[in-house]
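Hi there,

Here is the structure I promised to pass on to you. Have a look at it first, and then read on for what turned up in it.

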Amino acid sequence: MDLSTTYLGLQLPNPFIAGACQITGSLDGLKRLQDAGAAAVVLPTFFEEHIRREQLAIHSSIDYPAQSFGEALTYFVEYEKPIAGPEEYLETIHRAKKCLRIPVIASLNCLTMRGWKEYTASIEQAGADALELDFFYVSVDASESSEVIENRNIETVREVKSVVKIPITVKLSPFYTSLANFARKLEGAGVNSLVLLHRFYTPDIDIEELELIPRVEPTNPRDLLLRLRWLAIVSAQVNCTIAVQGGVYTAADAIKAIMSGAHAVQIVSAILVHGPNYISQLRHDVTQWMEQHEYESLNKMCGNMNLLHCPDPRALSRAHYITLLKSWQTGHQLKLPQMGFCR
Amino acid sequence: MEIKMTTIDGNEAAASVSYRLSEVAAIYPITPSSPMAELFDEWSAKGFKNIWDDVVTVIEMQSEGGAAGVVHGALQAGALTTTFTASQGLLLMIPNMYKIAGELTSFVMHVAARTVATHALSIFGDHSDVMACRQTGFALLSSSSVQEVHDMACIAHAATLKSRIPFLHFFDGFRTSHEISKIELLADDDLRFMIDEDLVKAHRERALTPDRPVIRGTAQNPDTFFQAREACNRFYLACPEIIQKVMDRFAQRVGREYHLFDYFGHEEADRVIVIMGSGAETAKETVEHLLSEGEKVGVITVRLYRPFSINHFIDALPKTVKAIAVLDRTKEPGAPGEPLYLDVVTAVNECMALSSTPIHSSVRIIGGRYGLSSKEFTPGMVNAVFDELTKEKPKNHFTVGIVDDVTHLSLDYDGGYDIERNDVVRAVFFGLGSDGTVSANKNSIKIIGEETNNYAQGYFVYDSKKSGAITISHLRFGPRMIRSTYLIRRASFVACHQFAFLDKYHVLEYAAPGAVFLLNAPYGAHEVWDHLPKEAQQEIINKKLKFFAIDADSVARDSGMGERINTIMQTCFFAISGVLPKDEDIVKIKESIKKAYAKKGDEIVRRNLAAVDSTLDHLHEVSVPGIVTSSLNRSPVVSAAAPEFVKNVTAVMMAGKGDMLPVSAFPFDGTWPSATAQWEKRSIAHEVPIWDSAVCIQCCRCAIMCPHATIRAKIYDPLLLADAPSFFRSAQLRLKEFGEKRFTIQVAPEDCTGCGLCVTICPAKDKLNPRRKAINMEPRLHVLETEKANFTFFLSLPDVERKSLPRMGVRPSQYLRPLFEFSGACAGCGETPYIKLLTQLFGDRALIANATGCSSIYGGNLPTTPYTVNHEGRGPAWSNSLFEDNAEFGLGFCLANEVQSKQASSLLKKLSPQIGDSLIQEFLSSDERTDQRISRLRECVVELKKKLAGINSPDARRLEIIADYLIPKSIWIVGGDGWAFDIGYGGLDHVLSMNHKVNILVLDTEVYSNTGGQASKATPLGASAKFAARGKEMDKKDLGLMAMSYSHVYVASVALGANPIQTINAFLEAESYNGPSIIIAYSHCIAHGYDMKLGPEQQKRAVESGIWPLYRFDPRRIEAGEPALVVDAVGGKIPVLEFMQNETRFKMVEKFNPDGFRTYVMRSQIAAQRRMTVYQHLSQLRLPIDVPTEEDQKE
């Protein structure tokens, strides 16, 4: 059975990639993922904002009280290395590369063009095989138009491509007015792949304390449906490879994503729940299913249910109630799609 | 051979040599020597090697006494060993110093000489500590400058091996230890050249080893001790010549010549000053000047003070000398003269006794004191001494540098006497501690010292306050080695980094005519002039200053630097001072920023570079109009309502003019008035909290948590509002049981530090706009006038009567007036709320014994002190003895009170026929210590005194004096963890082991906060601290559990930010318990590394994770058949990691020792669980009840 695939220009023996999470943040976790047969690993995302804030917080906690009082000119041990900076992340890449055979994909989220350019260059130098640009961004400014944001993202891709040679992929959120159009623009700017879809961390409200509480929930299988739709739509209209992320828990989930057009499947929540070895289970289950259903290779089913090939493309483009109405009008027997949107 | 120049301070100069020539160092922090120990610890942690290619073993001990013991042991077992100390620390080492010297052990200790506490503690420099070691048998070797510290350290290490005499190498605390200077660095090969390996081998061969067993430390008897003691003489006789030879060898290698006594001056001088330490540099500089004026003067710098070589001294003295002045930087009350003076007199006399004396027989010798506690010693003073020597009857035993209008010992001197050359750039900078001025100046010195041929010197004057602290930097740059060991008084460049300082301090006093004046002002170049005080305008005009201004705060804000204006002001300095060539200055600054901030992160580098770029666009020269236009006068230092002493003495010190106060201005026994902090309106907050009465739930958490007592709560009669300012805020009191009262929360707008703790802890949110709370920060200047009026009115409202409170709790405790206010503690301090609470609950009858540390500094550092009095004039009586003896000191308070109250009681009984039974019964009826009972007792004492006045008997007179002791006092022993866990533990344990009614409050910041964050035994597992750079490897000691093991001690562990009511209960129970009590109080601290306003949140995390359990162990419950221990918080609600990740002290370990950090997290989690398991078991235990003592049974 040929599970091999291509993603980010990398030839992978199977589609299962461990997505960015705490397991990919430790050498031990990375080794276990490799042992389980993960085709590649995405390291935890390096957030420029986080680093900046940490630097400022540590700087102010150490430097502000210093040199004020004769008895205590400082309150902390002098350190030589940056206490908060990209160095630690770069060292992780370096160490991961040293102990892994499989490709190591770095993940980056920046706030500034300077950050994007500087950090991507360092990440390449540290030895990453590829880079995932995490465009997670919440626009809270009503004066900022979608065009401005999209153009900035496109510009970012161009700038990053101009500084690094390693392949890059962009992780997208579903909240673009025309995701397929934007995907094409990204492709035009030079991305090698795309990741669909980012999941927003959303704050919850504590109604007793009147406070916002950050909430990070693992994805669940229902999250897959949104991705299947956009995989099907985008994959039909771009040439670059795509990875799915979010909601893949079982072999069936993975197969659905591949059929919708995914070339690679990023697993996060499932390995957090079941452990790194779950990748080997997924590989086994997919192989078995393909054997049972006589698929010789992954390529045979990749995209077979996308906008170009699925039996009812309208199911992808219409909201359900209209489909229902038309079905009734045309007198067709009501037939729920296999992966219905109303579940 | 290439000479390496470097720009370092005296401490580093000593440590640099000592590290490379040592194998073991036993250390303990004490100002101003701590940086030497810190550098050793840091270098050792980084794996730096000594000249034998080994990493030095560095060990922190529990006290200097402990360190000396380790040193003695390590030396006996053959290691090349060193230590560092000062002042009281040196005194604690003395017993071992006798032993080390008695055993003729090669050893060097480095001492940043500091004043020994007498009528007051002082962290500053003089020779009183070193002089206390004269008799130990140590060689005393003195250095006068940073270069000499470096050189003499090497000479000492080399000479001790040869002479076998141990060395105390010393230099002046702060003036030399903290002065930054450009010096020539000794290379490892220089050190190897100086150290004779055969002598090292000999040192090792003298080690105690079972392979060659010998016995040392015997006990000797009258038959032998004396002779054996004299057996060492030949070593002392040989020592001076050995040292001179080592000095000669040193000169042969590096070219710098030293002698045991170095003479500088006219070959045929008739007047000579003898001096040692940094003052010798000033004396030399002055002599150089006087020589150029044709005077026949000279100075002898004493380097080897012990063994004092009379021959070498006489040889150094010019034979033409007619008069000698010996200057001592110490005071020996009651002695016929200070030590160096007596030595010189002896030397000259002994010389005279010889027939072949080269000295003139009529030579006159006078002695004088100068520079105690780093008092300035200037060329004018040196000149005055030389002038005195020309007099027919010069004053002996004089003082110089002060005005002694009581015993008239002081010499007059010309304060304006100035000999500094014009090719030396002299710059003075006024800054705030938090604005980074000192850091920037240290950086500038490095740039100039290392990038140009100029010599550079930096000396920094710090505030006595820890929050809103002012710093004054004195920088000199010039073509020759800089010898001026005194502050700049005529600067060619004066910078004022905070506009408000112009109103408070005489900043321009430092400016020489024609100097450049740089001002950070929130005004444009065209308007700034009109905002200057009149006095400043006049001075700018008179002195024809070139005036530049920049709105550095705006530039800092816009470039993301927050309050840090250091880089901006530094850029301005380089741009307008001309110390670096025009095109190079900005380049050099940028290079140095990249170098200095690289380790702080690219974001910090970027923001600083951005600040440099925008600085020059905002720097403008101000055109000076030539006439004074301002109508603003500098504000008076204190209000006209202040007491006379505050106006005449305290205010002078506050204005930075304390040097001008004469001897007569001072109390002669160290006794100072209480309640002075209220007069020092520091106005350091940018924002102050303003109360919103509509949102407030009146929980008073803001007030209880306020570290500076600047948020106050009061309840009062509604009728009193009649006279309130129209904007005064008031609400109906919610606690109905306290009556129909009004309630107000009020800020003291000029005393608040703006820490924001009150806002963090406020639980009440505005429902419509939850971003606003019941207390919100507002810009101080917007609300200043109204809030000043409000606060004045608030203070005029009567304080609540303690006895009228139906119960105690968080809210009622805050209706009581704090008798500890406006301290200089760090903004957001975690310790001071506990002390404030103590004074609210018991302050009007409290005696506080305070261990040295943060709490003694913010509690008792002049000019103003925070302990205050209530409307009856009662308040805490406070004193600090030492660091190590506080429990014993407090026990002394207790015994004295016990004795006097017992005497009073017995006199009362004796006089009962005259006094009358009913009053006697009132006194003796109960042991209760409630507020109601105390209040009643006070009335009874008044009544008693009235009655006593009418009784004509000696007993009545005696009772009159001690009648107040019939009212129970509340004895508190307060200190930090350094005291309680380490240096003072022996005494603390002893006091706990007895059954006296003392209350111990341990303010546990888990680190030596006052000396800059060194690890104590309270430092938690995995926290980085100085002396535990890679994370503390052992968990903190469980002091509470140890105290509980006595079972008669009341023990509580509290965290005010996490659970205020539990804290109050602990204080009340402790105070009411008739035996020893100890409260261990979690105190967040800047040494933990996070924004202090988040202290309460972090305290909650500490409690919820089980890192800091809350409990109360009350032996009274044993008597009641209940488990003595009540656990108030069991932890386990959040993982310990969540607590650890919020603090830089743990974060540093996570970054630099990630593997270690993971282990520490796991171990901390287990340790927390283990602690809780033990406590929970204990909380189930019912202990057997004590058998009554025989005495009890008799009663």
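Which residue forms a salt bridge with B:R256? The partner is B:E184, and the closest N and O atoms of the two are 2.6 Å apart. B:R256 sits in the loop between helix 10 (233-254) and strand 9 (261-265) of chain B, while B:E184 belongs to strand 8 (residues 180-185) of chain B, so the pair ties together parts that are 72 residues apart in sequence. B:R256 has 15% relative accessibility and counts as buried, whereas B:E184 is partly exposed at 22%. Please keep in mind that this is a predicted model.

- B:D844 and B:R938 meet through their side chains, with 3.2 Å from N to O. B:D844 lies in the loop between helix 27 (832-842) and strand 28 of chain B, and B:R938 lies in helix 32 (residues 931-949) of chain B, so this pair ties together parts that are 94 residues apart in sequence. Both residues are buried.
- B:E420 pairs with B:R426, and their closest N and O atoms are 3.8 Å apart. B:E420 and B:R426 are buried as well.
- A network of salt bridges links residues of chains A and B: A:E48, A:R52, A:R114, A:E118, B:E603, B:R606 and B:R607.

A:E48 and A:G115 are 67 residues apart in sequence, yet their C-alpha atoms are 6.7 Å apart in space. A:G115 is part of helix 4 (residues 113-126) of chain A, and with 0% relative accessibility it counts as buried.

Now for helix 1 (residues 10-20) of chain B. Is this helix largely enclosed or open? It is largely enclosed by the rest of the structure, because 10 of its 11 residues are buried. Among the buried ones are B:G10, B:V17 and B:Y19.

Strand 28 (residues 846-850) and strand 29 (residues 877-880) of chain B pair in the parallel sense over 4 bridges. In one of the pairings, B:L847 has B:A877 in strand 29 as its bridge partner. Together with helix 28 (residues 854-860) of chain B, the two strands make a right-handed β-α-β unit.

Helix 14 (residues 379-390) of chain B contains B:E388. This residue is buried, at 6% relative accessibility, and its side chain makes a polar contact of 2.8 Å with that of B:K391.

Finally, take a look at the surface of chain A. A:I205, A:I207 and A:L212 make a nonpolar patch of about 360 Å² there. A:I205 is in strand 9 (residues 202-206) of chain A and is exposed, with a relative accessible area of 52%.

Enjoy exploring, and write back with any questions!

Best wishes

Definitions and conventions:
Residues numbered from 1 in each chain as written. Chains lettered and ligands numbered in written order. Predicted model: local features only at pLDDT ≥ 70, side-chain atom pairs only at ≥ 80, totals over all residues. Heavy atoms only, no water. Pairing = 2+ DSSP bridges. Right-handed = clockwise from strand over helix to strand, strands pointing away. Patch = residues over 30% accessible without salt bridge, like charges linked within 9 Å, V, L, I, M, F, W, Y side chains within 5 Å. Areas by Shrake-Rupley, 256 points an atom, 1.4 Å probe, with all protein chains shown as cover. Salt bridge = Lys/Arg side-chain N within 4 Å of Asp/Glu carboxyl O. Buried < 20%, exposed > 50% of the residue type's maximum accessible area, 1.4 Å probe, protein only. Polar contact = N/O pair within 3.5 Å; in protein donor to acceptor, adjacent residues only side chain to side chain.
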